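Visitor: Hi, I have a structure I'd like to go through with you. Could you take me around it step by step?

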Amino acid sequence: MKFNTKTIHGGQSHDPAYGAVMPPIYQTSTYAQSTPGGHKGYEYSRTHNPTRSALEKALASIENGTYGLAFGSGLAAIDAVIKLLKPGDEVISTSDLYGGTYRIFTKIFEGFGIKFHFVGMESAAEVAKHINANTKLIWVETPTNPMMNVIDIKAVAAVAKQHELLLAVDNTFATPYLQRPLDLGADIVMHSATKYIGGHSDLVMGALIVKDEVLADRLYFIQNASGAVCGPQDSFLALRGIKTLHVRMQRHCENGRAIARYLESHPQIEKVYWPGLESHPNHAIAAAQMDDFGGMISFVTKGNDYQKAIQIVERLQIFTLAESLGGVESLAGHPASMTHASIPKEEREKTGVVDSLIRLSVGIEDVADLIADLEQAIGS
């Protein structure tokens, strides 16, 4: 089954009760039992819910996985992965990553005795240098947030397999429409399904997808025991979002390409970060492992002018100044004061997240309107 068909039919079946084409919203916490322990596969909705189960099957299908797990947020999904570890274990993580991920790693799990190494992963050999007897997990985000660095998943997977380490990949920016990390050797795929999976800025959700049954069972236990699950209403909305993922991503990519090229040619713009540009340092890797290059773009104005960056995001009219990304509407953000404010300034700037950096989530509006909005906001 091709991807565009999977988004609509993959892992899905009509509801057995009345043949409903869309899975119903099972808004219930508990289920009747005919005898103690005798039920129809569902007993309590923290453990299982039919609407969430339908979503988890769909998630597994579009990522070419076997098992899907849906959580109350992307951070809840990350939390479950790190709970696979124990005090004394070490993690090698992408150095340029979402601020919330950095925060949960450093402010929560370091306090429980887990050590994190934040490493530039443009070279798999650099990753290998940081492996020791305590290393248990490699955490990859690609493309990275917000610098749009691209990491060679297959090369890092080879290092992970050589040392018998788990490899988890945050695939939020790319989505399975553009890249499928499990096919490239990853053990776990993570999504902030709040973003492109949902696609309409109306839910908060996280997801994990794996192929290995033993690993899936460990994660299902953590999901149930910790209880950070999503509700049936959000599960329904995410299922609906998946059904249009392919057509939305196609337009995100088309608009992203046009805007990246416009910004690259603008006299007031110093640098544009988008993997589809040949000037991008990781363009060759992106072209090899991604089917297209997405709608996420970051850029810096000439002179690295903080006030100019703030002026631009405040002037935008069609782009909305807001947190998050991946919705049908275009959003703009200032990472240093918004999504990445939890990372110390010195650490941010090491990875390129300077105070003048602007991040765009390019939506599916008419691209001419989006370019005109950027033109009036940036000026000449």
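Visitor: Let's start with Leu360: which residues is it in contact with, leaving aside its neighbours within four places in sequence?
Guide: Keeping in mind that this is a predicted model, Leu360 touches Ile259, Leu263, Gly295, Met296, Ile297, Phe299, Phe319, Leu331, Ala332 and Leu374, once its neighbours within four places in sequence are set aside.

Visitor: And which residues have the most contacts inside the largest nonpolar core?
Guide: Those are Ile259, Leu263 and Leu360, in a core that has 65 residues. The largest share of this core, seven residues, is supplied by helix α10, which covers residues 245-264. As general background, nonpolar side chains in soluble globular proteins tend to be buried together.

Visitor: What lies apart from that core?
Guide: Another core does, made up of 30 residues, and Phe71, Ile114, Trp139 and Leu208 are among them.

Visitor: Switching to rings, how many aromatic pairs does the structure hold?
Guide: There are eight aromatic pairs in the structure. One of them joins Phe105 and Phe116, whose rings are stacked, with 4.5 Å from centre to centre and 10° between the planes. This pair links distant parts of the chain, since Phe105 sits in helix α4 (residues 99-109) and Phe116 in strand β3 (residues 115-119), eleven residues apart.

Visitor: Why does the pair of Phe116 and Phe118 count as stacked?
Guide: Their ring centres are 6.4 Å apart and their planes lie at 20°, and because planes under 30 degrees apart count as stacked, the pair gets that name.

Visitor: Which residues form one aromatic cluster?
Guide: The cluster consists of Tyr102, Phe105, Phe116, Phe118 and Trp139.

Visitor: Now the sheet. In what order do the strands come?
Guide: It is an open sheet of seven strands, in the order β1-β7-β6-β5-β4-β2-β3, and the pairing is mixed. Strands β1 (67-71) and β3 are the edge strands, each pairing on one side only. On average, and with direction ignored, neighbouring strands of this sheet are turned by 20° against each other.

Visitor: How many bridges join β4 to β5?
Guide: Strand β4 (residues 135-141) and strand β5 (residues 166-170) run parallel and are joined by five bridges. In this part of the sheet, Glu141 stands opposite Asp170 in β5.

Visitor: Which strands does α4 touch?
Guide: Helix α4 packs on the sheet and touches β2 (90-94), β3 and β4, and the direction of α4 makes about 150° with that of β3.

Visitor: How many disulfides does a search of the whole structure find?
Guide: A search of the whole structure finds zero disulfides. In general terms, a disulfide is a covalent bond between the sulfur atoms of two cysteines.

Visitor: Last one: where is Thr30 found?
Guide: Thr30 is in the loop between α1 (3-9) and α2 (50-62), and at 47% relative accessibility Thr30 counts as partly exposed. From C-alpha to C-alpha, Thr30 and Asn49 are 9.0 Å apart in space, while in sequence they are 19 residues apart.

Note on methods
Residues are numbered from 1 along each chain as its sequence is written. This is a predicted model: local features need pLDDT of at least 70, side-chain atom pairs count only at pLDDT 80 or more; totals for chains, interfaces and linings use all residues. Side-chain values use heavy atoms; hydrogens and water are left out. A nonpolar core is a set of buried Ala, Val, Leu, Ile, Met, Phe, Trp, Tyr and Cys residues joined through side-chain atoms within 4.5 Å. Buried means under 20% relative accessible area, exposed over 50%, partly exposed in between (1.4 Å probe, protein chains only). Helices (H or I, at least four residues) and strands (E, at least two) are DSSP runs, numbered from the N terminus. Contact means heavy atoms within 4.5 Å. Rings of Phe, Tyr and Trp (its six-membered ring) pair if their centres lie within 6.5 Å; planes under 30 degrees apart count as stacked, over 60 as edge-to-face and the rest as tilted. A disulfide is a pair of cysteine sulfur atoms within 2.5 Å. Two strands pair if DSSP finds at least two bridges between them. Axes are lines fitted to C-alpha atoms, for helices over the stretch in contact, and angles run from 0 to 180 degrees between N-to-C directions.
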